[in-house]
Amino acid sequence: MSDAHTTQKSGQSSGQPGGQKDAYAMILDAIDTGIYRPGDRLVESELAERFGVSRTPIREALQRLETQSMLTRDGRSLIVASLDHNQMADLYVVRTELEGLAARLAARHATPEEIRVLRDMVDEDRVLIDDPDALSRANRRFHKQIHLASHNRYLVKQLDLVHRSMALLATTSLAAEGRGSEAISEHDQIVSAIEAGDGDAADAALSEHISKAFVTRLKIDAETDR
């Protein structure tokens with residue numbers, strides 16, 4: 001089944017075919033999952049056909065994404081935005097602080113069931129080490145679970161915005177050689193700290209995890225620029 005058919009089917013099953021929220025969510029999900037990557041041009045008519053909705057909600061969704069800086073203008077066309085070096089650095093600074101706080105709060109508030117889910121994720125994700133795309137999706141689920149385990153709705157909302165902007169990075173740091181196994185090991189340390197109820201350790205472990213991911217991404221970019 002093609003990506004287009006899968007995306008259209010999932011959008012139609014949401015119970016709001018043709019609605020603005022539907023179109024916005026489907027386009028955002030397509031960017032998040034890499035169907036549309038930084039620099040790709042988004043055409044109203046093509047999107048309407050792809051997702052099986054009218055052009056009006058597509059137009060409204062594109063306008064909304066442009067105001068959120070997810071899309072940018074290239075002449076008269078809208079393209080998926082990309083982040084320059086300084087924007088990426090700023091994003092990682094904010095992400096490190098907020099993710100660390102989420103881990104600290106999760107160590108304090110996570111239920112035994114939430115911790116069990118995190119532990120299961122670490123164990124199950126080990127088989128994905130050699131599949132960067134699958135591991136990247138699993139990584140997003142893992143971090144989202146920590147956000148939810150913080151039991152702070154305002155923090156979760158801010159982290160959703162941060163992770164939305166992460167989709168504007170064209171590659172995943174998990175594609176670097178050896179990074180997958182390192183990331184899983186770091187996830188294990190984060191969960192162990194949360195299990196122990198040690199907020200300081202959880203904060204430090206997650207902050208270090210993000211820092212290492214940033215260093216890896218900088219190395220990838222440096223190689224690309226050669």
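Student: In this predicted model, at roughly what angle do the axes of α7 and α8 cross?

Tutor: The structure is a predicted model, and its values are computed from that model. The axes of helices α7 and α8 come within 9 Å of each other, and the angle at which they cross is roughly 160°.

Student: Are α7 and α8 roughly parallel or roughly antiparallel to each other?

Tutor: Their axes cross at roughly 160°, and angles over 145 degrees count as roughly antiparallel. The crossing itself is right-handed. The relation between α7 and α8 is therefore roughly antiparallel.

Student: Which residues in α8 are met by residues in α7, and how does the contact divide by class?

Tutor: On the α7 side stand H143, K144, H147 and L148, and the residues they meet in α8 are V156, L159, D160 and H163. Taken by class, the residues of this contact divide into 3 nonpolar, 3 polar and 2 charged.

Student: Which element gives the most to the lining of the second largest pocket?

Tutor: This pocket has a volume of about 350 Å³, and its lining includes H143, K144 and H147 as well as D160 and H163. The elements that give two or more residues to this lining are α2, α7 and α8. With 5 residues, the element that gives the most is α7.

Student: How many residues of the lining of the second largest pocket are charged?

Tutor: Among the lining residues are D29, D32, R140 and R141, and Asp and Arg count as charged. The whole lining divides into 2 nonpolar residues, 3 polar residues and, for the charged class, 7.

Student: Which element gives the largest share of the lining of the largest pocket?

Tutor: The largest pocket holds about 640 Å³ of space and is lined by 31 residues, with D32, S136, R140, T171 and T172 lying nearest its centre. By class, the lining has 13 nonpolar, 10 polar and 8 charged residues. The largest share, 6 residues, comes from α7.

Student: Is the crossing in which α6 passes α9 left-handed or right-handed?

Tutor: Helix α6, residues 112-125, packs with α9 at an angle of about 160°, and their axes are 10 Å apart. The two helices are therefore roughly antiparallel to each other. The crossing in which α6 passes α9 is left-handed.

Student: Which residues of α6 make the contact with α9?

Tutor: From α9 the contact draws on I184, H187, D188, V191, S192, I194 and E195. The residues of the contact divide into 6 nonpolar, 2 polar and 4 charged. Those contributed by α6 are I115, L118, R119, V122 and D125.

Terms used: Residues numbered from 1 in each chain as written. Predicted model: local features only at pLDDT ≥ 70, side-chain atom pairs only at ≥ 80, totals over all residues. Heavy atoms only, no water. 1 Å grid on protein atoms, 1.4 Å probe; cavity = no way out; pocket = protein on both sides within 12 Å on 5 of 7 lines; lining within 4 Å. Points joined across faces, edges and corners; volume = space filled by probe spheres on them. Helix = DSSP H or I, 4+ residues; strand = E, 2+ residues; numbered from the N terminus. Axes fitted to C-alpha atoms, helices over the stretch in contact; angles between N-to-C directions. Parallel < 35°, antiparallel > 145°, perpendicular 65-115°, else oblique. Left-handed = near helix turned anticlockwise from the far one by under 90°. Contact = heavy atoms within 4.5 Å.
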